[in-house]
Amino acid sequence: MSRHFEPRIVGFLCNWCAYGGADLAGTSRLQYPTNVDIIRVMCSGRVDPTFVLKAFQLGADGVLICGCHPGDCHYSEGNYKTARRVPILIKLLEQFGIEPQRLRLEWVSASEGDRFAALVNEMTEQIREMGPFNRNGGGENG
Amino acid sequence: MAKPKIALYWAASCGGCDVAVLDTNEKILDIASIADIVFWPIAVDFKYHHVEAMEDGVIDLCLFNGALRNSEQEKIAKLLRAKSKVMVAFGACACFGGIPALANFTNRDEIFERAYIEAPSNDNASGTLPQTLTKVNEGELELPEFFDTVSNLDQVVVVEYFMPGCPPPVDLILKVVDAFATGQLPPAGSVIASDKTLCDECDRTKEEKKITRIYRPHEIIPDPKKCLLEQGIICCGPATRGGCGLRCIKANMPCRGCFGPPLGVIDQGAKMLSALTSTYEAKEEEEIARLLSEVVDPAGTFYRFSMAKSLLRRKRPVPVEVGAK
């Protein structure tokens, strides 16, 4: 594994809580790595599993999904759908030989800028240690 | 005028697609009367060299079933493509990989190890594995190369039409033959099936879906009038193209997804995962853990027929240096 490996992580952040949290991290001048490419979605429930698979197919090293805390969803139920979807998706990714740490679901409220910064720090470090995602999958025609 | 020429081929398949052609019963005679069958390994005695001797583009319609799992199948796919005007991916395996592509959850080495070494019926003390070339006194013997990854047909050659199904139903086969005979084939790239999902065509009673437990088909006798998904059986209808005539549903069995993803969907498994988890009633951690334990094999269930065409396509090899700096 290269010492200069910089992970690319795709972050799906819900508009109402997590994106606000990331925004607060920025306006509070908190330091966190630039490895997360943030995509704002209206709700963590909007994150179709296809998006996650597509991110990996295009070479992302990790995917971070952040939504409102349980009970706080702007659309009342969206984050519960995500809470059910992600564990099964992680199980499915493991069947594809993709380490479970590469997909992470976390709840971040709009007031938790520090939590968001710490989370990105932690995930970036973890994936840096794991090394790049093997996007082509090996094999002569893989 | 000479009769149009039809070729049929089986690659990595079970033979069911060929049987489906024979299931057209007396209509098979109509097919034989409007066209000459110039190549059909299961039924007529033409060899590869007969096809090789033909001029390019001389075959009018080629119905190709099966996935591509070895070099012989790939070679014949390319050969038939060159000789055919219209190439049809016939059946789920040719369209999306089908059951053979589930082998993409493993690899060549593991398959050889299991099939030729581990399996209890083997008597192979010397650990002999298939070789592409073997030297014997009389010369060299050749076997097709076994691929690590199974492909579907349009990953190797250009395909005009896709006719999904395991196997394609007789009415769709006759529809294609009729369209071909009357010169009314749809635009290239078309899928010969419905543009709706299976759920859209299903006539069972559907209410609000709130599943509290997932049953495997042998654990429950389902109500034949009620939506199977609502009864807790994983039915792939929400993420599967319709047009199959509801064969499984009418037999009180859940849809397994052999018609592949519906119009506009690129990854059938992801959509089915999404549909199932959206309808399951679970909020607390222990309820979610129960859901997780009830879906025993998510990848195998959601990608049963569409693995080769899925976004990730195959299992990644386990990295040697997990956690190493």
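Chain A has a mean pLDDT of 92, and 92% of its residues reach 70 or more. Where pLDDT is low, the predicted coordinates should not be read in detail.

**Chain A: overall form**

- The secondary structure of chain A consists of 4 helices and 4 strands.
- Read from the N terminus, these elements follow the order β-α-β-α-β-α-β-α.
- Taken along the principal axes, the box filled by the C-alpha atoms of chain A is roughly 50 × 30 × 15 Å.
- Buried residues account for 54% of the 142 residues of chain A.
- Among the contacts in chain A with a separation of 6 or more, 80% join residues 24 or more positions apart.

**Helix H1 of chain A**

- Helix H1 of chain A covers residues 18–27 and is mostly covered, with 7 of its 10 residues buried.
- The buried residues in H1(A) are A:Ala18, A:Tyr19, A:Gly20, A:Gly21, A:Ala22, A:Leu24 and A:Ala25.
- The cover over these buried residues includes strand E1 (9–14), strand E2 (36–41), strand E3 (62–67) and H4 of chain A.
- After H1(A) comes A:Arg29, which has a positive phi near 60°.

**Chain B: overall form**

- Chain B contains 12 helices and 9 strands.
- A compact globule of 325 residues would have a radius of gyration near 20 Å, and the 22 Å of chain B agrees with this.
- The C-alpha trace of chain B spans about 65 × 55 × 40 Å along its principal axes.
- Of the 325 residues in chain B, 42% are buried.
- In chain B, 74% of the contacts with a separation of 6 or more are between residues 24 or more positions apart.

**Domains of chain B**

- The domain assignment divides chain B into domain 1 (5–100 + 150–181), domain 2 (106–147) and domain 3 (198–302).
- The C-alpha centres of domain 1 and domain 2 of chain B are 29 Å apart.
- Domain 1 of chain B gives 5 residues to the contact between these two domains, and domain 2 of chain B gives 4 residues.
- On the domain 1 side of this contact, strand E4 (68–70) and helix H4 (71–83) of chain B are the elements that give two or more residues.
- That side of domain 1 of chain B is made up of 1 nonpolar, 2 polar and 2 charged residues.

**Contact between the chains**

- In the contact between the two chains, 33 residues of chain A meet 37 residues of chain B.
- On the side of chain A that touches chain B, the elements giving two or more residues are helix H2 (49–57), helix H3 (78–95) and helix H4 (113–130) of chain A.
- H3(A) gives the most to this side, with 11 residues.
- By class, the side of chain A that touches chain B comprises 13 nonpolar, 11 polar and 9 charged residues.

**Nonpolar core**

- The largest nonpolar core has 134 residues, and those with the most contacts inside it are A:Cys14, B:Phe64, B:Val88 and B:Ala89.
- H3(A) provides the largest share of this core, 8 residues.
- This core lies between domain 1 (5–100 + 150–181) and domain 3 (198–302) of chain B, because both domains give residues to it.
- Apart from neighbours within four places in sequence, B:Ala89 has contacts that include B:Phe64, B:Leu153, B:Val159, B:Phe162 and B:Met163.
- B:Ala94, B:Cys95 and B:Asp154 are also among the contacts of B:Ala89.

**An exposed loop residue in chain B**

- B:Thr212 lies in the loop between helix H8 (198–201) and helix H9 (247–250) of chain B.
- B:Thr212 counts as exposed because it has 11 C-beta neighbours inside 10 Å, and the cut-off for an exposed residue is 12 or fewer.
- From C-alpha to C-alpha, B:Thr212 and B:Ser71 are 47 Å apart in space, and they are 141 residues apart in sequence.

Note on methods
Residues numbered from 1 in each chain as written. Chains lettered and ligands numbered in written order. Predicted model: local features only at pLDDT ≥ 70, side-chain atom pairs only at ≥ 80, totals over all residues. Rg over C-alpha atoms; globule rule 2.2 N^0.38 Å. Buried ≥ 20, exposed ≤ 12 C-beta atoms within 10 Å, placed from the backbone. Contact = placed C-beta atoms within 7 Å. Nonpolar A, V, L, I, M, F, W, Y, C, P; charged D, E, K, R; others polar. pLDDT = per-residue confidence, 0-100. Core = buried A, V, L, I, M, F, W, Y, C linked by C-beta atoms within 7 Å. Domains from an automatic or database assignment.
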